[in-house]
Amino acid sequence: MEKELFTFRHYGHIEIDIRRYMNQKQITRNALARAINTRFEVVDKWYNGHVEKIDADILARICFVLDCEPGDIIRYAIEEE
């Protein structure tokens, strides 16, 4: 087997936007954290789009409370070169 040198390419990133749905439902980060039974810091990361690893259970709870689908709040964005 030949050795290969892998180079990183611009492959895009995932964008998370729960802020819009929270504003529509007029729900605060504190209220959402209580509703989905998690810490404020977790909701704050989702709110600001700083989630590094998506927890499917947290996502399901958010979607249940905000009455949305995962595809409504998660989007794949292609990097421009």
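Reader: How many salt bridges does a search of the whole structure find?

Author: The search finds five salt bridges in the whole structure, a salt bridge being a side-chain nitrogen of Lys or Arg within 4 Å of a carboxyl oxygen of Asp or Glu. The model is a predicted one, in which local features need pLDDT of at least 70 and side-chain atom pairs count only at pLDDT 80 or more, while totals for chains, interfaces and linings use all residues. Residues are numbered from 1 along each chain as its sequence is written, and side-chain values use heavy atoms, with hydrogens and water left out.

Reader: What makes the contact of Arg 75 and Glu 15 a salt bridge?

Author: The side chains of Arg 75 and Glu 15 meet with N and O 2.5 Å apart, which is within 4 Å, and the pair therefore qualifies. Arg 75 belongs to strand β2 (residues 74-77) and Glu 15 to strand β1, so the bridge ties together parts that lie 60 residues apart in sequence; strands (E, at least two residues) and helices (H or I, at least four) are DSSP runs numbered from the N terminus.

Reader: Why is Arg 39 called exposed, and what is Glu 41 called?

Author: Exposed means over 50% relative accessible area, buried under 20%, and partly exposed in between (1.4 Å probe, protein chains only). Arg 39 has 54% and is therefore exposed, whereas Glu 41, at 45%, counts as partly exposed. Arg 39 and Glu 41 form a salt bridge, with their closest N and O atoms 3.6 Å apart.

Reader: How do you know that Asp 57 and Arg 61 are about one turn of the helix apart?

Author: Both residues lie in helix α4 and are four residues apart, about one turn of the helix.

Reader: Which residues of α3 are buried, and why are they said to be on the same side of the helix?

Author: Val 42, Val 43, Trp 46 and Tyr 47 are the buried residues in α3. They cover an arc of only 135° around the axis, which puts them on the same side of α3, the arc being that of the directions from the helix axis to the C-beta atoms.

Reader: What covers the buried residues of α3?

Author: The covering elements include β1 (13-16), α1 (19-25), α2 (29-35) and α4 (56-66), where contact means heavy atoms within 4.5 Å. After α3 comes Gly 49, whose phi is positive, near 75°.
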